[in-house]
Amino acid sequence: MIAQPKASHFVNGDWLEDEAGAAFEVTYPGTGEVIARLHAATPAVLEAALSGAVAAQADWAARRPVERARVLMKAAEIIRARGEELARLETLDTGKPIQETRVADWPSGADALEYFAGLAPTLTGETMPLGGDFAYTIREPLGVCAGIGAWNYPSQIACWKAAPALSTGNAMVFKPSEMTPLGALQLAAIFIEAGMPAGIFNVVQGFGAVGAALATDPRIAKVSLTGSVPTGAKVYAAAAAGMKHVTMELGGKSPLIVFDDADVESAVGAAMLGNFYSSGQICSNGTRVFVQKGIKARFLERLAARTAKIVAGDPMEEATQFGPLISAAQHEKVLGYIAKGKEEGATLVCGGSAGNEGPLFVQPTVFADVTDTMTIAREEIFGPVMAVLDFDTEEEVIARANGTQFGLAAGVFTGDLARGHRMVARLQAGTTWINAYNLTPVEMPFGAVKASGLGRENSKAAVEHYTQVKAVYVGTGPVESPY
Ligand code: NAD
């Protein structure tokens with residue numbers, strides 16, 4: 001299988017190659033096969049992308065919002081029309097099952113393009129009457145934004161960042177994860193096909209150093225990162241030195257709380273989705289599943305029975321529900337956490353080993369009797385490893401759920417809706433669900449508190465993070481001056 005793009009980068013409306021950049025391979029995690037060979041961006045590529053974006057941005061910002069919206073809408077239409085082809089590319093890039101990439105990745109990206117295309121033309125300023133004089137506000141784009149992506153949802157991340165940024169008149173230089181560099185290139189080409197001017201959305205490849213070069217460049221007004229907490233701390237510090245805006249979508253160790261009165265099948269289904277979808281490589285996963293003691297036996301029994309039926313296999317097969325991890329390093333890391341879970345005394349309910357479907361598979365794994373101090377309850381694993389913890393009371397579970405540096409997401413399953421609302425009001429998380437988990441429609445804000453990040457993606461909230469307000473005072477009479 002080959003998925004070689006025309007060139008490594010897409011800059012100023014066209015494919016761009018510079019073989020002087022460090023060479024790296026893109027592998028299909030399903031088999032380990034090399035599917036593309038790319039080069040990291042050199043200073044010359046970065047210079048072309050940044051100067052091109054700066055040159056193009058002012059004209060784009062000066063266009064009527066509906067004109068920009070039309071381009072984004074057209075891009076969404078192209079994405080939907082090529083859904084199958086793009087889903088296959090996403091599966092090759094990430095190893096996620098085709099049944100996931102068909103419905104979750106590019107479709108969610110297209111939703112974002114449509115949503116922000118619709119929203120941007122409705123954005124207006126305010127007028128403040130001042131008794132003769134008056135003031136008004138203008139919502140302006142920030143300028144050129146840098147987007148830096150993680151490897152788990154590469155195309156969705158590119159779209160979630162590009163849509164609010166471009167619809168409001170910014171330009172973007174996007175650096176995908178070095179492990180999944182292919183989808184964003186397609187997005188850049190699709191934008192051009194949809195009528196976007198050259199230079200408004202550029203894709204440059206590379207490792208952390210290329211991201212760091214973007215985060216420190218004085219021409220970048222804002223950095224939006226999706227990645228781990230340690231990377232977030234570095235990028236935030238670099239951006240702060242240049243007084244840049246930031247959005248940080250980082251890691252988590254989110255609680256999913258199941259009360260005795262919950263619908264057990266729904267709670268089990270949500271816990272499985274929130275730990276095994278994308279082989280557990282989802283930032284908002286509910287990896288600490290707190291189960292009230294009265295429902296524990298039934299919950300674990302149904303969880304084990306349903307987990308045993310998960311179909312793991314070739315991600316390109318229609319029937320496959322569960323694929324490999326992204327890389328050998330991630331595979332080793334996840335198996336290391338499983339070993340720690342066993343060592344530290346958690347009860348292995350199912351899974352617990354490497355899978356035999358391919359080199360990068362890990363079995364969907366459930367540990368019960370996990371305690372708050374165990375490594376698997378404290379650290380983000382980013383693999384298919386669920387930790388089930390027992391609890392007795394609301395008060396207790398709130399304290400334990402909040403006892404972490406992370407604050408990305410949280411979920412509650414209960415038959416008592418009043419309790420559901422009472423719980424989410426006290427959970428320290430940016431994104432919460434009652435009787436649902438991991439649904440992230442574009443209409444709803446998505447983001448974190450505490451070490452898991454700041455800023456919001458999606459919804460009207462994202463507009464705040466890609467625009468700034470200019471205040472205009474208008475004098476209508478003579479200036480009264482004491483001098
Ligand atoms: P990572 O932090 O290793 O890398 C993320 C991106 O940052 C990559 O493109 C990488 O090249 C770049 N990078 C690395 N060092 C950099 C530096 N010093 N300066 C600038 N850029 C740098 O993360 P990952 O392993 O690719 O992704 C997994 C992590 O992402 C997990 O922690 C996961 O929870 C998180 N994540 C968060 C969200 C969210 O929305 N909150 C979504 C997906 C993934």
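Me: Where is Asn-435 found?
Reply: This is a predicted model. In it, Asn-435 sits in the loop between β18 and β19 (446–447).

Me: Why is Asn-435 called partly exposed?
Reply: Its relative accessibility is 35%. Buried needs under 20%, and exposed needs over 50%. The value for Asn-435 falls in between, so Asn-435 counts as partly exposed.

Me: What makes the phi of Asn-435 worth a remark?
Reply: The phi of Asn-435 is positive, about 55°, and Asn-435 is not a glycine. Most residues other than glycine have a negative phi.

Me: Which residues of helix α15 are buried?
Reply: Arg-419, Gly-420, Met-423 and Val-424 are buried in this helix, which spans residues 417–426.

Me: What makes you say that they line one face of the helix?
Reply: Look down the axis of α15. The buried residues fall within an arc of 130°, so they line one face.

Me: What covers the buried residues of α15?
Reply: The cover includes β12 (255–258), α14 (394–401), β17 (409–413) and β18 (431–434).

Me: Why is Ser-279 called buried?
Reply: Its relative accessibility is 3%. The cut-off for buried is under 20%, so Ser-279 qualifies. Ser-279 is placed in the loop between α10 (264–276) and β13 (288–292). Ser-279 also has a positive phi, about 50°, although it is not a glycine.

Me: How far is Ser-279 from Gly-169?
Reply: Their C-alpha atoms are separated by 36 Å, and the two are 110 residues apart along the chain.

Me: How do you know that Gly-169 is buried?
Reply: Gly-169 has 0% relative accessibility. Buried means under 20%, so Gly-169 counts as buried. Gly-169 lies in the loop between α6 (154–167) and β8 (171–175). Neighbours within four places aside, Gly-169 is in contact with Gln-57, Trp-60, Ala-61, Arg-68 and Pro-141.

Me: Why is Val-204 called buried?
Reply: Val-204 has a relative accessibility of 0%. That is under the 20% cut-off, so the word applies. Val-204 lies in the loop between β9 (201–203) and α8 (208–216). Beyond four places in sequence, its contacts include His-9, Val-11, Ala-41, Phe-174 and Leu-214. Val-204 and Val-223 are 19 residues apart in sequence and 15 Å apart in space, C-alpha to C-alpha.

Me: What makes Tyr-337 count as buried?
Reply: The relative accessibility of Tyr-337 is 12%. Buried means under 20%, so Tyr-337 counts as buried. Tyr-337 has its place in helix α12 (residues 328–343). Not counting residues up to four places away, Tyr-337 touches Thr-375, Ile-376, Glu-379, Glu-380 and Ile-381. From Tyr-337 to Gln-186, C-alpha to C-alpha, is 35 Å, with the two 151 residues apart in sequence.

Me: Now the whole protein. How many helices and strands are there?
Reply: The secondary structure comes to 16 helices and 22 strands.

Me: Why is the protein called as compact as a globular protein of that length?
Reply: The radius of gyration is 23 Å. The globule rule gives 23 Å for 483 residues. The two values are close, so the description holds. The C-alpha atoms fill a box of roughly 80 × 60 × 40 Å along the principal axes.

Me: What share of the residues is buried, and what share of the contacts joins residues 24 or more positions apart?
Reply: Of the 483 residues, 58% count as buried. For contacts with a separation of 6 or more, residues 24 or more positions apart account for 72%.

Me: How far apart are the mean positions of the positive and negative charges?
Reply: They are 2 Å apart, for 39 positive and 51 negative charges.

Definitions and conventions. Residues are numbered from 1 along each chain as its sequence is written. This is a predicted model: local features need pLDDT of at least 70, side-chain atom pairs count only at pLDDT 80 or more; totals for chains, interfaces and linings use all residues. Side-chain values use heavy atoms; hydrogens and water are left out. Helices (H or I, at least four residues) and strands (E, at least two) are DSSP runs, numbered from the N terminus. The radius of gyration is taken over C-alpha atoms; the globule rule is 2.2 Å times the number of residues to the power 0.38. Buried means under 20% relative accessible area, exposed over 50%, partly exposed in between (1.4 Å probe, protein chains only). Contact means heavy atoms within 4.5 Å. Lys and Arg count as positive and Asp and Glu as negative; His and the chain ends are not counted. The place of a charge is taken as NZ of Lys, CZ of Arg, CG of Asp or CD of Glu. The arc is that of the directions from the helix axis to the C-beta atoms.
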